[in-house]
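Me: I'm new to this one. Can you walk me through what I'm looking at?

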Amino acid sequence: MLLLRRPYHWPTSGWGYPFEELERVKRQMDLMNTALFRAPSGETAAGVFPMMNVTEDRDSYYVRAELPGMKADDLAISVTGNSISISGERKLAVEDAKAQYHRREREGGTFNRIVSLPTQIDTGKVEAHCTDGVLTVALPKAEAAKPRRIAVK
Amino acid sequence: MTETESKALQAKDKTEAGAPAEQTRPGPVFAPAVDIFETDKEITLLADMPGVKSGDLIIDLHENVLTLDGGVISPEGADEADVLREYRTGKYYRQFTLSEIVDQAKIKAELQDGVLRLKLPKVKAAAPRRITVQSR
């Protein structure tokens with residue numbers, strides 16, 4: 001015997017809008033997609049400028065931020081215990097006073113951000129450099145915080 | 001530009017560009033933020049493209065369409081693991097239509113600290129040409 005599943009919104013007489021169920025499924029799929037693949041921003045981001053990516057390897061943490069047009073001199077970076085503070089001001093060069101703007105999407109202004117790292121860092125060996133508008137700060141982990149292999153006797 | 005002096009910067013997600021065509025390499029494509037302003041002599045375009053090296057930036061001009069295409073190589077080492085990820089990296093892509101007033105042969109580009117400065121000089125105003133009507 002042939003069984004037809006009938007969604008309860010299905011019009012019993014006439015074809016009001018036969019694709020409603022399909023639309024609903026599509027919406028659900030879209031939601032699932034955004035939840036699964038729409039990566040970082042939103043939930044994990046603190047929403048404080050500049051956006052940062054922090055990575056680690058065995059010996060150090062690396063803090064990166066995109067700061068186009070900024071030089072190392074424009075930044076004040078300080079490290080204490082297990083946190084790093086980055087502040088500065090992004091100044092947009094003052095152009096010709098007579099210039100007429102068609103688009104103005106780039107923004108300037110001050111910023112200040114503090115990020116805590118999971119472990120203590122060796123504050124004496126922190127290095128920072130700016131290349132192509134990307135700031136990278138390498139923060140070596142403190143000796144005590146590094147993973148240590150314990151030999152079994 | 002005095003109003004930017006004391007303004008605190010707000011965090012903003014990068015704008016994803018509508019891909020012009022299917023990408024051969026996977027990964028996000030972003031539209032760089034640009035400033036465009038015009039003076040009597042030239043039009044200047046500034047674009048924020050952090051992470052783009054001058055060798056990876058392709059500026060193409062074809063039939064009045066200016067295309068900026070900047071590839072980004074991830075600065076992260078192979079054995080680095082994520083702790084916090086707030087922004088994504090990917091190439092930059094954006095197109096502009098140029099008007100006839102731009103002298104296309106004299107466009108100059110300069111990339112410094114992730115900011116592209118593109119100078120588009122204007123064509124010298126064409127001398128008005130009067131056509132004399134002859135009567136017979």
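Me: How many residues of chain B are in contact with chain A?
Reply: 38 residues of chain B are in contact with 49 residues of chain A. Keep in mind that this is a predicted model.

Me: Which strands of chain B supply at least two residues each to the side that touches chain A?
Reply: There are β2 (34-38) and β3 (42-48) of chain B.

Me: Which strand of chain A is joined to β6(B)?
Reply: Strand β1 of chain A, residues 52-56. It takes 4 bridges to join β1 of chain A to β6(B), and the two run antiparallel.

Me: Which residue stands opposite A:Thr55 there?
Reply: B:Asp82, in β6(B).

Me: New topic, chain B by itself. How many helices and strands?
Reply: Chain B has 9 strands and 0 helices. From the N terminus on, its elements read β-β-β-β-β-β-β-β-β.

Me: How much of chain B is buried?
Reply: Of the 136 residues in chain B, 24% are buried.

Me: What share of the contacts in chain B with a separation of 6 or more comes from residues 24 or more positions apart?
Reply: That share is 53%.

Me: Let's pick one residue. Where does B:Arg94 lie?
Reply: B:Arg94 lies in strand β7 of chain B, residues 91-97.

Me: Is B:Arg94 buried or exposed, and why?
Reply: B:Arg94 is buried, because 21 other C-beta atoms lie within 10 Å. The cut-off for buried is 20 or more.

Me: What is B:Arg94 in contact with, leaving aside neighbours within four places in sequence?
Reply: B:Ala17, B:Ala31, B:Pro32 and B:Leu68.

Me: Back to B:Asp82. What separates the C-alpha atoms of B:Arg94 and B:Asp82?
Reply: 29 Å. The two residues are 12 residues apart along the chain.

Me: What about β7(B), which strand runs parallel to it?
Reply: Strand β1 of chain B, residues 29-30, with 2 bridges joining it to β7(B). In this pair, B:Val29 stands opposite B:Lys91.

Me: And which strand pairs with β7(B) in the antiparallel sense?
Reply: Strand β5 of chain B, residues 65-72, over 6 bridges. Here B:Thr67 stands opposite B:Gln95 of β7(B).

Conventions
Residues are numbered from 1 along each chain as its sequence is written. Chains are lettered from A and ligands numbered from 1 in the order in which they are written. This is a predicted model: local features need pLDDT of at least 70, side-chain atom pairs count only at pLDDT 80 or more; totals for chains, interfaces and linings use all residues. Two residues are in contact if their C-beta atoms, placed from the backbone, lie within 7 Å. Two strands pair if DSSP finds at least two bridges between them. A residue is buried if 20 or more other C-beta atoms lie within 10 Å of its own, exposed if 12 or fewer, and partly exposed in between; C-beta atoms are placed from the backbone.
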